[in-house]
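Could you walk me through this model in my viewer, one selection at a time? I would like to know what to pick next and what I will find there.

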Amino acid sequence: MRVFVTGATGFIGTPLVKDLLDNGHEVLGMARTDDGAARLAAAGAAVRRGSLADLDSLRKGAAQADGVIHLAYLHGMGHMPFGTRLGILLGGSPRGITGRFAAAGAGADRKAIDTFGSVLAATGGPLVVAFPTMTLASGSLVTEREAPDPTSPGAARIGSETATLALVSQGVRASIVRIPPTVHGDGDKAMVPRLITAARKKNMAGYVDQGCNRWPAAHKQDVARLFRLALEDGAAGSRYHAVAEDGVPMRSIADVISKRLNVPARSLANEEAAGHFGWLAAFVARDNHVSSELTRKELGWRPTGPDLLTDLDRPEYFTVR
């Protein structure tokens, strides 16, 4: 199969491209930069220059492929066109800037999904879209069958899942892979490194209340493999969970950070969390307990990578770059 991959040079995209190629697929990877294009070519993939803001490039990429895996997302202003950034910054009070960036990223994502769907509807090809588990309900074990929670801290992205699954009625073999906040491994620059940065800056490793709330986790190689399996064998309209560990207590994560940085681990009240974690506070306080039992049964996915705490307890995570 020839596969168009957005986010092909990213943290999950890089091992995904290799996994696809190793399993007999051809890859057309999207690259925004010359460096990204060079890395894709060196890996053996074909290159399509473009970005999520360039819908024509996305349309052409999908038209050149048998299926699409959509990993890319506009997480911050750095990847947004200048006009979009300026409009957001001038669009209201400073307190609303974070929310407006989140809305802009979610809107761009839905446009990309609709663009892929308009192409794949003609062929019935597969579309696999990344989606965060942090949009799910809190406080109990959540399965693949459950819809996102509109009160979750990731609620701005719910429209992406809705748009993806709606494409099934148009003949697209569309599915969702929900990824945990802690996809870990070498090169991680996401949630856990931000916790480390906060601990280094505040001279303590914080957790909220008793730290009993949980985050699911998986190694990047395992997550990449699940995207391939969903592309190959995923059923239309399915949700899959890229979760190797259903919930790692936040206190345990803080304890490893505490040991490695030689700083105390400390409980924070909810009202203190924002001062320590910034915008990440709502996520750090969230209980995100997520099952992958149905995913494993349906696709035969068996995670083999190291667990989060073992992976985190390495010098590589604490090297200042």
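Here is a tour of selected stops in this structure, which is a predicted model.

**Stop 1**

Start by selecting the aromatic rings: the structure holds two aromatic pairs. For one of them, show phenylalanine 4 and phenylalanine 116, whose ring centres are 6.1 Å apart with the planes at 75°, so this pair is edge-to-face. Colour strand S1 (residues 2–6) and helix H5 (residues 97–120) as well: phenylalanine 4 belongs to S1 and phenylalanine 116 to H5, so the pair ties together parts that are 112 residues apart in sequence.

Phenylalanine 283 is buried, with 14% relative accessible area.

**Stop 2: leucine 127 and its surroundings**

Go back to phenylalanine 116 and look for leucine 127, which has phenylalanine 116 among the residues it touches. Leucine 127 sits in strand S5 (residues 126–132) and is buried, at 0% relative accessibility. Which residues does leucine 127 touch, not counting those up to four places away in sequence? They are Val68, Ile113, Phe116, Leu120, Leu167, Val172, Arg173, Ala174 and Ser175.

**Stop 3: a charge over a ring**

Next, select tyrosine 73 and arginine 157. The arginine lies over the face of the tyrosine, at 3.7 Å from the ring centre.

**Stop 4: salt bridges**

Time to show the charged side chains. How many salt bridges are there? The count comes to 21.

Begin with arginine 214 and aspartate 287, a salt bridge whose closest N and O atoms are 2.7 Å apart. Arginine 214 is in strand S9 (residues 214–219), and aspartate 287 is in the loop between helix H11 (281–284) and helix H12 (293–299), so this pair ties together parts that are 73 residues apart in sequence. With a surface displayed, compare the two ends: arginine 214 is partly exposed, at 22% relative accessibility, whereas aspartate 287 is buried, at 10%.

Glutamate 293 is partly exposed, with a relative accessible area of 47%, while lysine 297 is exposed, with 63%.

Then select Asp186, Asp311, Arg314 and Glu316 together: they are linked in a network of salt bridges.

**Stop 5: helix H9**

Now pick helix H9. This helix has 12 residues and reaches 16 Å from its first C-alpha to its last, close to the 16 Å expected at 1.5 Å a residue. Within H9 (residues 250–261), arginine 251 and aspartate 255 are four residues apart, about one helical turn, and their side chains meet in a salt bridge at 2.9 Å, N to O. Arginine 251 is partly exposed, at 34% relative accessibility, and aspartate 255 is partly exposed, at 35%.

Which residues of H9 are buried? Colour Met250, Ile253, Ala254, Val256, Ile257, Ser258 and Leu261 to see them. Before leaving, check the residue that follows H9: asparagine 262 has a positive phi, near 55°.

**Stop 6: aspartate 222**

For the last stop, select aspartate 222, in helix H8 (residues 220–233). This residue is buried, at 1% relative accessibility. Where does its side chain point you next? A polar atom of the aspartate 222 side chain lies 2.9 Å from the backbone nitrogen of threonine 304. Leaving aside neighbours within four places in sequence, aspartate 222 is in contact with Trp301, Arg302, Pro303, Thr304 and Gly305.

Note on methods
Residues are numbered from 1 along each chain as its sequence is written. This is a predicted model: local features need pLDDT of at least 70, side-chain atom pairs count only at pLDDT 80 or more; totals for chains, interfaces and linings use all residues. Side-chain values use heavy atoms; hydrogens and water are left out. A salt bridge is a side-chain nitrogen of Lys or Arg within 4 Å of a carboxyl oxygen of Asp or Glu. Helices (H or I, at least four residues) and strands (E, at least two) are DSSP runs, numbered from the N terminus. Buried means under 20% relative accessible area, exposed over 50%, partly exposed in between (1.4 Å probe, protein chains only). A polar contact is a pair of N or O atoms within 3.5 Å; within protein, one must be able to donate a hydrogen and the other to accept it, and residues adjacent in sequence count only if both atoms are side-chain atoms. Contact means heavy atoms within 4.5 Å. The expected span of a helix is 1.5 Å times one less than its number of residues. Rings of Phe, Tyr and Trp (its six-membered ring) pair if their centres lie within 6.5 Å; planes under 30 degrees apart count as stacked, over 60 as edge-to-face and the rest as tilted. A charge sits over a ring if NZ of Lys or CZ of Arg is within 6 Å of the ring centre and within 35 degrees of the ring normal.
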